[in-house]
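Hi everyone, thanks for making time this morning. Let me put the structure up on the screen, and then I'll walk you through some of its side chains.

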Amino acid sequence: DVLGLLYDQIGDHAAAASAYSRSLSLNPERSLVHNNLAVAFRAQGKPQEATEHWERAIDLDPEYPDAHYNLGTEFFLRGDVARALPLLERAISLQPDSLLAYNTAGKAASAVGDYHKAVEYWEIAVELDPADENLYYNLALTLQRDLKELDRALPYWQRFLQLNPTDLDALRWIARAYSALGRPAEEERWLSRIGELHPDQAKTQ
């Protein structure tokens with residue numbers, strides 16, 4: 001197991017997979033090793049082999065959050081959101097402080113149009129990691145574009161722009177939000193910011 005982890009750390013995932021496979025030949029009932037072997041297979045571009053070992057890890061230990069998260073993420077990356085969401089939600093129930101599980105579950109919920117659930121997951125995630133600018137962006141965009149909840153979107157745009165003050169898309173979205181809310185002074189302030197930071201884009205607003 002330790003040898004496999006060392007190989008993984010240096011990027012030799014084929015050697016890591018061999019080490020984990022040898023370990024499983026001696027004791028095939030270890031869910032942790034099945035999970036690690038799946039990760040090594042996934043890193044080699046072998047998703048089917050990875051899936052089989054994540055499923056085996058869950059069979060051996062139904063309360064193993066990492067295996068649920070990893071398999072859920074694998075299905076999400078394949079576009080199989082129907083299979084991904086239950087696994088990600090199970091990972092959350094087993095490990096309620098899993099930032100990665102909340103974030104990916106939010107993406108999966110958004111992908112099937114369940115925007116309220118996506119916002120719920122991302123709002124928890126942003127409490128776990130207040131420095132993750134992507135969470136603020138996802139929250140603001142979903143609230144404004146998909147749910148039309150402009151007042152709720154604005155604080156997230158503002159927080160995102162504190163972390164990434166030159167992002168053109170966010171600047172445009174927040175200007176549009178103030179326009180839709182009938183607040184021309186604030187709209188003009190953000191349009192002026194675009195003109196200052198992106199003078200070549202100012203005429204396209």
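Have a look at arginine 176: its charged end sits over the ring of tryptophan 173, 4.9 Å from the ring centre. Do keep in mind that this is a predicted model.

Now to the aromatic rings. How many aromatic pairs does the structure hold? There are 4. One of them joins tyrosine 102 and tyrosine 121, with 6.2 Å centre to centre and 50 degrees between the planes, so the pair counts as tilted. Tyrosine 102 belongs to helix 7, residues 99–111, while tyrosine 121 belongs to helix 8, residues 115–128, so this pair ties together parts that are 19 residues apart in sequence.

Tyrosine 136 and tyrosine 156 are both buried. There is also one aromatic cluster formed by Tyr137, Trp157 and Phe160.

Last stop, the loop between helix 9 and helix 10, where you'll find lysine 148. Most residues other than glycine have a negative phi. Lysine 148, though not a glycine, has a positive phi of about 60 degrees. Its relative accessibility is 61%, and because the cut-off for exposed is over 50%, lysine 148 counts as exposed.

Definitions and conventions
Residues numbered from 1 in each chain as written. Predicted model: local features only at pLDDT ≥ 70, side-chain atom pairs only at ≥ 80, totals over all residues. Heavy atoms only, no water. Phe/Tyr/Trp six-rings, centres within 6.5 Å; stacked < 30°, edge-to-face > 60°. Helix = DSSP H or I, 4+ residues; strand = E, 2+ residues; numbered from the N terminus. Buried < 20%, exposed > 50% of the residue type's maximum accessible area, 1.4 Å probe, protein only. Lys NZ or Arg CZ within 6 Å of the ring centre and 35° of its normal.
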